[in-house]
Amino acid sequence: MDFASLLTDVLREATGPTAIAYALAAIGLNIHFGLTGLINMGQAGFMLLGAYGFAISTIAGLPLVVAFLIAIGCAVVFALILGLPTLKLRGDYLAIVTIAAAEIIRFIGRSVGLNDLTGGSQGLLGNQFKYSFEGASPFADGLVAIGPISLQMNASNSWWLRIVGWGLVALACLIVFLLLRSPWGRVLKGIREDEDAVRALGKNVYTFKLQSLVLGGVFGAVGGIVISLASSVQPDSLGRPVTFNTWTILLLGGAATVFGPVLGSILFWAALVLVRGLMRGLIPPDVLSSTEIEPLGFVLVGITLVLLIVFRPQGILGDKKELAING
Amino acid sequence: MAEPIVTDAVNPDVVAARDALRGVAHTPGVAKPTPLLVADGVRRTFGGVNAVDVEHLEVQSNVITALIGPNGAGKTTFFNLMTGFDRPDAGSWTFDGKSLAGVPASRVSKSGMVRTFQLTKALSRMTVLENMRLGARDQVGEGMGAALLRPLWRKQEKEVTEKARDLLARFKLDTKESDFAGSLSGGQRKLLEMARALMSDPTLVMLDEPMAGVNPALTQSLLGHITALRDSGTSVLFVEHDMHMVRHISDWVVVMAEGKVVAEGPPKEVMDDQAVIDAYLGSHHDTDLGDDSLLEEESVISAEAMAELEAEEEAK
């Protein structure tokens, strides 16, 4: 088997739009869970809304920046609809409502009635809405090789998308870093620990939780835009498994840290490609076919993660001391 | 180590309030000269049981008022109702002249009535200093947008930190500043919670069983802190089962039983009151509620405990 090309694949995936999108979604989830203690089980819903918001407005002829803002607006409205009725209740209710709401978004998106708008279960093809983003690239078109990776400069899974994507990740990390050490972040952490105590200190817990839900959801929507720009908007590819993978990434990297979600995302996708590649190369096809290896990759990564959480529950970057304290 | 209990108030407001209380009748629901908290017809039922049914209660400002009563008398529920953590079925109440009925807990706290909890709510995975900072009011940096622009709140943060350190020093927690609150002992958490409540300079502090689970060695200093609080102009209302504490630091005692106020008056009279003895019948029937000799015995114990603690500290 060809190890060099496998490692190139790993590198390509670990720095690619999927890793970027999941990093952004996990950064959002980190604001919800790591900072505020909100259990959002519908981050995929925010991503899908972001993707739809961006793609549909671009297809309608709106410029890039406006489409981007509309996608963010969708996430804000979605967060408010979810948060206003549930954030006054106990935490579990938000989990139930978010997982259901994300599914509702997906089912609405793939419904036949909305075929003209969302493309139904076929989704929206990338070629319909990628032009404004690709057109905004200052670089010349063409195949460019940097190191072992050779990609189109501007089209689809491109260098241009990676540059913008990692720029967005860096910006998101900067925002989380600034918020973590601010009095606002302190109130959120207080809410995570005990919201009644924070209420007794005169803070309007409800408003803070709503702000947190909105901000984290917006990062999710931005992640959704990145993933749709790499391929297409396909409702079934942004379903529940995406939310669960995002959670895994967050816990792998370390909740309540700045770079945990980013590191988690890179490692998660690198590990998945590596495991699948190794199995494909080492196991003869008559023992396991490549269609069987695909899901088995997830199984093995899952087992690795279970072990990691058993032996290092705080994640890679987490503070063991902080996690050791209970109640 | 333990600070002596300050029994002679130095604050003229406290002296005046105490003098005024002397002329007040010892009947349940009596009007006070300068009441801070006034509750009227506050009722809360849990499935047919009247947990709280207070016809009229006034809490005098500038003194320490104790709220006592047997388990299930409705003291904590009354606290929850007053501070907006629970809603009554009926009734109204005013704090500092403003109606607080239906006002959410955070706004109650903002208006100057700050509470602590029976089961201490230290924010475990935050440092002691961060816990304290959280108690400060009107922080610019608590706005989501302003949070990103440090220059907007750097100066205020510095002031808040200074104040937090002062209070921590007063409560002898200054050496624990950068420890996680979750690593503190039960008594230290009580102290932290009280200190945190003081970050906002409240008008009335409501302490729910400040002594519960506190090491006897810390009891003395906690009592000292509460009296010092009153002398610095903060009114105190506390729920407590420890009769010695009630007797020694409170200026006025309110007794609740089965949700109702059954007696009030100065500590000594109240503890001799037949209604109070009846209320406690069964648990304290044969004990003198607030026998001084018991307290002295306890202070011996606390001195021993203190010595032990110090020995342990040194051993580390």
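Colleague: What share of the 316 residues of chain B counts as buried, and what makes a residue buried?

Modeller: In chain B, 46% of the 316 residues count as buried, where buried means that 20 or more other C-beta atoms, placed from the backbone, lie within 10 Å of the residue's own, while 12 or fewer make it exposed and values in between make it partly exposed. This is a predicted model, in which local features need pLDDT of at least 70 and side-chain atom pairs count only at pLDDT 80 or more, whereas totals for chains, interfaces and linings use all residues. Residues are numbered from 1 along each chain as its sequence is written, and chains are lettered from A, with ligands numbered from 1, in the order in which they are written. For chain A, the buried part is 50% of 327 residues.

Colleague: Why is F46(A) called buried, and where is its place?

Modeller: F46(A) is in helix α3 of chain A, residues 43-59. F46(A) has 37 C-beta neighbours inside 10 Å, and therefore counts as buried. Leaving out residues up to four places away in sequence, F46(A) touches G28(A), A75(A), F78(A), G217(A), G220(A), A221(A) and G224(A), and touching here means that the C-beta atoms lie within 7 Å. T98(A) is 52 residues from F46(A) in sequence, with 9.7 Å between their C-alpha atoms.

Colleague: How do you know how much of helix α12 of chain A is enclosed, and what span should its 26 residues have?

Modeller: Of the 26 residues of α12(A), 23 are buried, so this helix is largely enclosed by the rest of the structure. The expected span is 1.5 Å times one less than the number of residues, and for α12(A), residues 205-230, this gives 38 Å, which agrees with the 38 Å between its end C-alpha atoms.

Colleague: What radius of gyration does chain A have, beside that of a compact globule?

Modeller: The globule rule is 2.2 Å times the number of residues to the power 0.38, with the radius taken over C-alpha atoms. For 327 residues a compact globule would come near 20 Å, and chain A has 20 Å, so the two agree. Along the principal axes, the C-alpha atoms of chain A fill a box of roughly 60 × 50 × 40 Å.

Colleague: Which elements of chain B touch chain A, and how many residues take part?

Modeller: The contact takes 31 residues from chain B and 27 residues from chain A. The elements of chain B that give two or more residues are α3 (105-110), β6 (113-115), α4 (128-134) and α5 (144-147), and α3(B) provides the largest share, 4 residues.

How values were computed. Contact = placed C-beta atoms within 7 Å.
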